[in-house]
Amino acid sequence: MTSAARWVRSLPAAIAALLLASCQAGGRGNDRVFVSNEQANVVHVLDGLSGRIEATLKTGARPRGLALSPDGRTLYVAASNANRIEAWDARSLRHVRDFASGSDPERFALSPDGRTIVAANEDHSAVSFIDVASGRLVREVRVGPQPEGIGISPDGKLVIATSEAASTAHFIDAETGRMLDSILVGSRPREVLFLKGGREAWVSSEQRGTISVFDAGNRRIIRAIDLAAAFPELDTPQAVEMEITRDGRRAFVAMGRGNQVAEIDPVSYRVVRAFATGERTWGISLSPDDHRLYAASGLSGTVTIVDLVDNRVALTVTLGGKPWTTEAAPR
Amino acid sequence: MKRPTAALLLAAIVAALALGLWAWLRPRPLVVCADPNNLPFSNRAGEGFENRLAALLGAELHRPVRYVWWAQRRGFVRSTIGGGSCDLWPGVSTGLDRLATSRPYYRSTYMFVTRGDAGLSGLTLDDPRLRRLRLGVQMIGNNGGNTPPAHALSRRGIIANVRGFMLYGDYRTPNPPTAILRAVADRDIDVGLVWGPLAGWYAQHSPVKLRLEPVTPWLDGMQWPMIYEISVGVGKDDPKLLKAINAVLARRRADIARLLQDYGVPQVG
């Protein structure tokens, strides 16, 4: 079946979900949720509270990674197969700019000052540094095969990139591009999350279902958070995207084919609870007020909205295609 | 004369049921795909550490171990997984695409192997001495596919003084991959770049004292790792077995570590 056919087929479901959502929630939320859909080649725009579909942005081929500028005004979209990162105005929803990102950008991150995009070039074993003001590719750092996760420390000085195929976390000096260290982690490392003011960096390993906790200062692994041990009933507990609330108290990890999002206490490193999501949940994000979590599930073609105040799944929005990840911007 | 016939029939039914019940209750064998001639990993006599690991898994899972012997040439996993003939492969690279792989039970590295009396300590891939010494690398399969150390040398233009040793060698001799180590011991080459478990085990038994040092940098040119994690592989359609194996590997971690130590497997943290 072509993606278009699948798209059409899932339309009634989307409309039904939409109607249901509007009946349930009624009001409009204080944020908008952007959902990249790597199969439909669009970014969906949803209302964070009701899940209502407000718009559909037609992007370059295979949109995957998403990020917002620090002020929340610009949405960046990695159009992997178009070899570019697109900039969209998060309010007017206009496509404002393209950045030549080097080939096959997958995940990327923005420096804390918003001036630099650091992107993983999946098919090119490189990490590209792009200057936002000039749009120029200022540096390319060679890393292990199939780079994926990118994290930038809160002070902007350290970049951690993961190589999926070499199971490695690369530590790169942001200013010079110098490779400081390459450390083995669990297989298929997917994402990097800095926390505790940048003192810790978590690296998720999809296949092993663990999170390697690094002391970001000395680049040593100080412990592993083991989702396989925490979820003995699951056949394939995985660890993919991670998020942490702005107060640093609640961390979340998308569990891939575990079809859940787990909440982890960053102090005890224990799993506190889990939320059931759609199938193959890779991407998650938090609402600007940290009251909601949005989880994209590629196989079920859904986004699950989790209420983090009442700790329950609020609703599921069916989009079809393959939702990859989400980002939420304030209105 | 009808009653004896009925009794006979009944007995036959009972016997059939008992047989069926026995067949149903009898533990299914754990079918292991392994190389019959590849110490220290495995051999037909069951002397390798992968044989010992398979026995440990069988005992823990209460299933008798049965082997499907297959020379571990190129396509080993592909050929053996195709027919669905095996339940597990005791030593595969973690994350291998074609199988579901367990949590790694060891992590080892390629080693520089030299004679103890050769005075060749502190080698790295960037050492100028590698340009003039006689080197040996392992090569895979009939088309001479390259191991990571072979890549590392060739991309430095170190080619003329390098001899390739087929990883799966001449199958008429015992444990053919050991040829590269014998060449070091016999002074046919000065340095062998050899996968850790093979080098460590050979050094244990070698009458000539050998020096083993990890090949560094461990991630050469950011593309060729010298360090690998090794797992038990199972079919992708068998998550229950994978979970059971992971549980055994965790429970018997100390015993497995001792087993690897007994075989001289160099482990990296």
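With 11 C-beta neighbours inside 10 Å, Gly197(A) counts as exposed. Gly197(A) sits in the loop between strand 16 (189-195) and strand 17 (200-205) of chain A. Its C-alpha atom is separated by 8.3 Å from that of Ser153(A), 44 residues apart along the chain.

Some housekeeping. This is a predicted model, in which local features need pLDDT of at least 70 and side-chain atom pairs count only at pLDDT 80 or more, while totals for chains, interfaces and linings use all residues. Residues are numbered from 1 along each chain as its sequence is written, and chains are lettered from A and ligands numbered from 1 in the order in which they are written. Helices (H or I, at least four residues) and strands (E, at least two) are DSSP runs, numbered from the N terminus.

Now strand 25 of chain A, residues 292-297. Six of its six residues are buried. On one side these are Arg292(A), Tyr294(A) and Ala296(A), and on the other Leu293(A), Ala295(A) and Ser297(A), so that both faces are covered. Two strands pair here if DSSP finds at least two bridges between them. Strand 24 (residues 281-286) of chain A runs antiparallel to strand 25 of chain A, and five bridges join them. Within strand 25 of chain A, Ala296(A) is opposite Gly283(A). The two strands make a hairpin with five residues between them, and Asp290(A) in that turn has a positive phi of about 60°.

On to strand 26 (residues 302-307) of chain A. Six bridges pair this strand with strand 25 of chain A, again in the antiparallel sense. Here Ala296(A) is opposite Val303(A). This hairpin has four residues between its strands, and Gly301(A) in the turn has a positive phi of about 65°.

Also in chain A, there is an open sheet of four strands in the order 4-5-6-7, with antiparallel pairing. Its edge strands, each pairing on one side only, are strand 4 (63-68) and strand 7 (95-100) of chain A. Strand 4 of chain A pairs with strand 5 (residues 74-79) of chain A over four bridges. One bridge there has Leu66(A) with Val77(A) as its partner in strand 5 of chain A.

Next, chain B. How many of the 10 residues of helix 6 (residues 196-205) of chain B are buried? Eight are, so the helix is largely enclosed by the rest of the structure. Among the buried residues are Trp201(B) and Tyr202(B). Their cover includes strand 7 (106-115), helix 5 (179-185), strand 11 (191-195) and strand 12 (210-214) of chain B.

Helix 2 (residues 49-61) and helix 7 (residues 239-251) of chain B pack at an angle of about 110°, with their axes 10 Å apart. That makes helix 2 of chain B roughly perpendicular to helix 7 of chain B, a label that covers 65 to 115 degrees, with under 35 roughly parallel, over 145 roughly antiparallel and the rest oblique. Leu57(B), Glu60(B) and Leu61(B) in helix 2 of chain B meet Ala244(B), Ile245(B) and Val248(B) in helix 7 of chain B.

Last, the contact between the chains. Chain A gives 17 residues and chain B 11 residues, where contact means C-beta atoms, placed from the backbone, within 7 Å.

Methods: Buried ≥ 20, exposed ≤ 12 C-beta atoms within 10 Å, placed from the backbone. Contact = placed C-beta atoms within 7 Å. Axes fitted to C-alpha atoms, helices over the stretch in contact; angles between N-to-C directions.
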